[in-house]
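Subject: Handover of a structure for your study

Dear colleague,

Please find the structure below, followed by an account of what was found in it. I would ask you to keep the structure open while reading.

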Amino acid sequence: MLDLKGTEIIMTLSIDTLVIFAAGKGTRMGNISNETPKPLIKIAGKPLLYYSLEKALSYGFKRVIINSHHLADQINEAAHEFRTNNPNCPEIIIEYESILLETGGTIKKLYHKYQLESPVFTMN
């Protein structure tokens, strides 16, 4: 990994769970996010979500929890497709939120539901 100046940073990863926040409606994206959730908007031909999942794979996370709400079925399909195409992919759990809990509420819910005992890494 490189810092902003291009200097190599050596990381020791002891956090095994990555939480990806993917539940928002993407309203700042305008009409683009009406039919495609923001995490699945393509940049350089690839959904944004895939960039985060690739990082999870390269950093050795054992579990990825993705919260979803807006167009959640598309998030489910994309995560399943990524896992199918990447056999070394960590476990992916899709956590649907019928009511948006915001960042703190989501983390609190996940810690209780999955009995998490150590810190988690988060990404948007």
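In what follows, a residue is called buried under 20% relative accessible area, exposed over 50%, and partly exposed in between, using a 1.4 Å probe and the protein chains only. This is a predicted model, in which local features need a pLDDT of at least 70 and side-chain atom pairs count only at pLDDT 80 or more, while totals for chains, interfaces and linings use all residues. Residues are numbered from 1 along each chain as its sequence is written, and side-chain values use heavy atoms, with hydrogens and water left out.

Overall picture

The protein has four helices and six strands. Helices (H or I, at least four residues) and strands (E, at least two) are DSSP runs, numbered from the N terminus. Along the sequence, their order is β-α-β-β-α-β-α-β-α-β. Of the 124 residues, 35% count as buried. The protein exposes about 8000 Å², of which carbon and sulfur atoms supply 53%; accessible areas come from the Shrake-Rupley method with a 1.4 Å probe, and for residues only the protein chains shown count as cover. A contact means heavy atoms within 4.5 Å. Among contacts between residues at least 6 apart in sequence, 69% join residues at least 24 apart.

Ile20 belongs to strand 1 (residues 17-22). Ile20 counts as buried because its relative accessibility is 2%. Leaving aside residues up to four places away in sequence, Ile20 touches Leu49, Ser52, Leu53, Val64, Ile65, Ile66, Asn67 and Met123. Ile20 and Leu49 are 29 residues apart along the chain, and their C-alpha atoms are separated by 8.5 Å.

Aromatic pairs

A pair of aromatic rings is described by the distance of the centres and the angle of the planes. Rings of Phe, Tyr and Trp (its six-membered ring) pair if their centres lie within 6.5 Å; planes under 30 degrees apart count as stacked, over 60 as edge-to-face and the rest as tilted. The structure holds two such pairs. One of them joins Phe61 and Phe121, whose ring centres are 6.0 Å apart and whose planes are at 45°, so the pair is tilted. Phe61 lies in the loop between helix 2 and strand 4 (63-68) and Phe121 in strand 6 (residues 121-123), so the pair ties together parts that are 60 residues apart in sequence. Phe61 is buried, at 7% relative accessible area, whereas Phe121 is partly exposed, at 37%.

The surface around Tyr51

Ile43, Leu48 and Tyr51 form a nonpolar surface patch with about 240 Å² of accessible area together. Leu48 is in helix 2 (residues 48-59) and is partly exposed, with a relative accessible area of 35%. The charged end of Lys46 sits over the ring of Tyr51, 4.1 Å from its centre; this requires NZ of Lys or CZ of Arg within 6 Å of the ring centre and within 35 degrees of the ring normal.

Two positive phi angles

Most residues other than glycine have a negative phi. Glu102, in helix 4 (residues 102-113), is not a glycine but has a positive phi of about 65°. Glu102 is exposed, at 57% relative accessibility. Gln115, in the loop between helix 4 and strand 6, likewise has a positive phi, of about 50°, without being a glycine. Gln115 is exposed, with a relative accessible area of 63%.

With kind regards

Notes:
Patch = residues over 30% accessible without salt bridge, like charges linked within 9 Å, V, L, I, M, F, W, Y side chains within 5 Å. Salt bridge = Lys/Arg side-chain N within 4 Å of Asp/Glu carboxyl O.
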